[in-house]
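Thank you for asking me to look over this model.

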Amino acid sequence: MAGAWATPRMTSFIGNLRFFHKFLLLGLLAVSMLALPASLLLRSDLQAIQRAQREVNRATTRSVRQARQLAQAVAAGDLSRQVSVTGRDEVGELLHALAAMNASLAQVVGRVRSNADSVATASTEISQGNLDLSQRSEEQASALQPTASSMEQLGSPCGRTPTTRARPARWRAARATSQRVAARW
């Protein structure tokens with residue numbers, strides 16, 4: 001096989017080279033046979049990781065979308081929206097805080113509405129009381145008109161006598177007040 005030029009040392013070297021060549025081919029075959037299942041495993045693991053990543057992205061996006069929708073609803077004045085919080089991450093905590101804020105705002109607005117209704121009721125009652133008082137004052141003024149006229153008639157014939165000058169000051173004040181009230185109505 002080897003020519004005349006081959007020495008025993010070269011022949012031995014060529015034999016070793018053939019052995020290493022076969023050994024290398026067998027090693028490559030073994031590695032490739034092991035690499036194929038490993039690559040399939042890596043590929044399935046990679047697909048599982050990608051699926052998990054998509055699920056995490058979807059859950060995060062869903063939570064952020066819920067938080068945004070709740071904030072928009074509160075900004076629009078809709079405090080009736082309910083939110084279910086499932087996550088325990090930062091976005092879940094944010095969503096939980098927004099839901100608590102929404103519930104608290106709904107309670108505050110409810111109390112404000114209740115107090116506003118009470119104020120409206122009280123102001124209506126006060127207005128009605130003022131109308132009743134005004135009506136009674138008008139009736140009393142109408143009743144005082146004839147009394148003031150009678151007092152005027154009684155005082156006219158007497159004129160300004162020493163008795164009229166001696167009347168107490170409070171009678172004069174009462175007469176002036178009744179005349180002012182009568183004149184106003």
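1. Please keep in mind throughout that this is a predicted model. Buried residues make up 9% of the 185 residues in the protein, and the accessible surface comes to about 15,200 Å², with 61% of that area belonging to carbon and sulfur atoms.

2. As for secondary structure, the protein has 4 helices and 0 strands, so that reading along the sequence gives the pattern α-α-α-α. Among the contacts with a separation of 6 or more, 59% are accounted for by residues 24 or more positions apart.

3. The second largest pocket has a volume of about 160 Å³. Its lining comprises Val56, Ala59, Thr60, Arg62, Ser63, Gln66, Ser84, Thr86, Gly87, Asp89 and Val91, and by class this lining has 3 nonpolar, 6 polar and 2 charged residues.

4. Which helix gives the most to the lining of the second largest pocket? Helix α1, which covers residues 8-75, gives the most, with 6 residues.

5. Is Serine 63 buried or exposed? Its relative accessible area is 14%, and because buried means under 20%, Serine 63 counts as buried.

6. Leaving aside residues up to four places away in sequence, Serine 63 touches Val91 and Leu95.

Technical notes. Residues are numbered from 1 along each chain as its sequence is written. This is a predicted model: local features need pLDDT of at least 70, side-chain atom pairs count only at pLDDT 80 or more; totals for chains, interfaces and linings use all residues. Side-chain values use heavy atoms; hydrogens and water are left out. Helices (H or I, at least four residues) and strands (E, at least two) are DSSP runs, numbered from the N terminus. Buried means under 20% relative accessible area, exposed over 50%, partly exposed in between (1.4 Å probe, protein chains only). Contact means heavy atoms within 4.5 Å. Accessible areas come from the Shrake-Rupley method with a 1.4 Å probe; for residues, only the protein chains shown count as cover. On a 1 Å grid over the protein atoms alone, a cavity is a set of points where a 1.4 Å probe fits but cannot get out, and a pocket is an open set with protein on both sides within 12 Å along at least five of seven lines; lining residues have an atom within 4 Å of a point. Grid points are joined across faces, edges and corners, and a volume is the space filled by probe spheres set on the points. Ala, Val, Leu, Ile, Met, Phe, Trp, Tyr, Cys and Pro count as nonpolar, Asp, Glu, Lys and Arg as charged, and the others, Gly among them, as polar.
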